[in-house]
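Biologist: Please pick one part of this model and take me through it closely. I would like the cut-offs as you go.

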Amino acid sequence: MSRFIVEDMTCDGCVRAITGAVRSADPGAELHIDLATHLVDVAASLPDQAVQDAIADAGFSVRPA
Ligand SMILES: [Cu+2]
């Protein structure tokens, strides 16, 4: 599992956008997202950089946590 922090994730719409972006890259990806801490945990069959790029391409500021 990989952990990222997405500071500008603020609502359920952001959660859906991030989930959709990662699952479009890996339909089997599992995400656990905590809005309060801005943490996004991802279990995916993708390199961390690909997950990070998918989240960034959806318009978010993301970095490894
Ligand atoms: Cu939002």
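Modeller: I will take the sheet, then its packing and the core.

The model is predicted: local features need pLDDT of at least 70, side-chain atom pairs count only at pLDDT 80 or more, and totals for chains, interfaces and linings use all residues. Residues are numbered from 1 along each chain as its sequence is written, and side-chain values use heavy atoms, with hydrogens and water left out.

The sheet is open, with four strands in the order 2-3-1-4 and antiparallel pairing. Strands (E, at least two residues) and helices (H or I, at least four) are DSSP runs, numbered from the N terminus. Pairing takes at least two DSSP bridges between two strands. Strand 2 and strand 4 (62-64) are the edges; each has a single partner, so one side of each lacks a neighbour in the sheet. From one strand to the next, the twist averages 25°. Strand 4 is joined to strand 1 by three bridges, antiparallel. Here Ile5 faces Arg63 of strand 4.

Helix 1 packs on the sheet and touches strands 1, 2 and 3. Its direction makes about 155° with that of strand 2. Axes are lines fitted to C-alpha atoms, for helices over the stretch in contact; angles run from 0 to 180 degrees between N-to-C directions.

Now the largest nonpolar core, of 15 residues. Such a core is a set of buried (under 20% relative accessible area, 1.4 Å probe, protein chains only) Ala, Val, Leu, Ile, Met, Phe, Trp, Tyr and Cys residues joined through side-chain atoms within 4.5 Å. Val6, Ile18, Leu31, Val40 and Ile55 touch the most other members. Elements giving two or more residues are strand 1 (2-6), helix 1 (12-25), strand 2 (30-34), strand 3 (39-43) and helix 2 (48-57). Helix 1 gives the most, three.

Leaving aside neighbours within four places in sequence, the contacts (heavy atoms within 4.5 Å) of Val40 include Val6, Ile18 and Leu31.

How values were computed:
Buried means under 20% relative accessible area, exposed over 50%, partly exposed in between (1.4 Å probe, protein chains only).
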